[in-house]
Amino acid sequence: RIGDMGYQPCFVPRQLDIMAPDCPVLDCEDAAGIADAVEALESGKCASDCAAESCASAVRTLIMAYDNGCALPLKASLALRAVRAPCDRELCNTNTVGIAYDPNEEACD
């Protein structure tokens, strides 16, 4: 995008949601776990209804992977996008500090 030219990329953490559970612990090297989450989203009809625990668990796994900068295959990103609306209540906290993120506290380079 043209408006992004000249700016350094930055990481903005997900805000703490005190009503949401913590995301599951995830090792970015766990390709099988990430593949299992993708399979659960694709085979569990999660795109139309995310009520099943398998769908919710898969969404939380991929959110944790995404927010922690794991190298996700395109298939994982597309699977997560496909269930964004029906699974919007299945968010979890990747914020491990336990406090709300305040962008005003960031030091500028």
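Is A76 buried or exposed? A76 is buried, with a relative accessible area of 1%, where buried denotes under 20% relative accessible area, exposed over 50% and partly exposed the range in between, with a 1.4 Å probe and protein chains only. The structure is a predicted model, in which local features need pLDDT of at least 70 and side-chain atom pairs count only at pLDDT 80 or more, whereas totals for chains, interfaces and linings use all residues. Residues are numbered from 1 along each chain as its sequence is written, and side-chain values use heavy atoms, with hydrogens and water left out.

The chain contains three helices and zero strands; helices (H or I, at least four residues) and strands (E, at least two) are DSSP runs, numbered from the N terminus. From the N terminus on, the order of elements is α-α-α. Of the 109 residues of the chain, 32% count as buried. Contact is defined as heavy atoms within 4.5 Å. Among the contacts in the chain with a separation of 6 or more, 78% come from residues 24 or more positions apart.

Helix α2 comprises the 15 residues 53-67. The expected span of a helix is 1.5 Å times one less than its number of residues. For α2 this gives 21 Å, and the end C-alpha atoms are 21 Å apart, which agrees. Because 11 of its 15 residues are buried, α2 is largely enclosed by the rest of the structure. The buried residues of α2 are C55, A56, A58, V59, R60, T61, L62, I63, M64, A65 and D67. The elements that cover them include α1 (31-43) and α3 (74-82). After α2 comes G69, which has a positive phi, near 75°.

The packing of α1 and α3 was examined next. Two packed helices are described by the angle between their axes and the distance between the axes. Axes are lines fitted to C-alpha atoms, for helices over the stretch in contact, and angles run from 0 to 180 degrees between N-to-C directions. The axes of α1 and α3 come within 9 Å and cross at roughly 40°. This angle makes α1 oblique to α3, given that angles under 35 degrees count as roughly parallel, over 145 as roughly antiparallel, 65 to 115 as roughly perpendicular and the rest as oblique. The crossing of α1 and α3 is left-handed, a term used if the near helix is turned anticlockwise from the far one by less than a right angle, with right-handed used if clockwise. On the α1 side, I34, V38, L41 and E42 take part, and these meet K75, A76, A79 and L80 in α3.

Leaving aside neighbours within four places in sequence, A76 is in contact with I34, V38 and L62. I34 and V38 are among the α1 residues that meet α3, while L62 is one of the buried residues of α2. The C-alpha atoms of A76 and A65, which are 11 residues apart along the chain, are separated by 9.8 Å.

A search of the whole structure finds four disulfides, a disulfide being a pair of cysteine sulfur atoms within 2.5 Å. With bonded cysteines counted along the chain, the pattern is 1-8, 2-6, 3-5, 4-7. The link of C23 and C92 is right-handed, with 85° about the S-S bond. C23 lies in the segment before α1 and C92 in the segment after α3, so the pair ties together parts that are 69 residues apart in sequence. C23 counts as buried at 8% relative accessibility, and C92 counts as buried at 2%.

A further disulfide is formed by C46 and C55, whose sulfur atoms are 1.9 Å apart. The link of C46 and C55 is left-handed, with -85° about the S-S bond. C46 is buried, with a relative accessible area of 0%, and C55 is buried with a value of 0%.

C50 and C87 are also joined by a disulfide, with an S to S distance of 2.0 Å. With 100° about the S-S bond, the link of C50 and C87 is right-handed. C50 lies in the loop between α1 and α2 and C87 in the segment after α3, so this pair ties together parts that are 37 residues apart in sequence. Relative accessibility is 4% for C50, which counts as buried, and 3% for C87, which likewise counts as buried.
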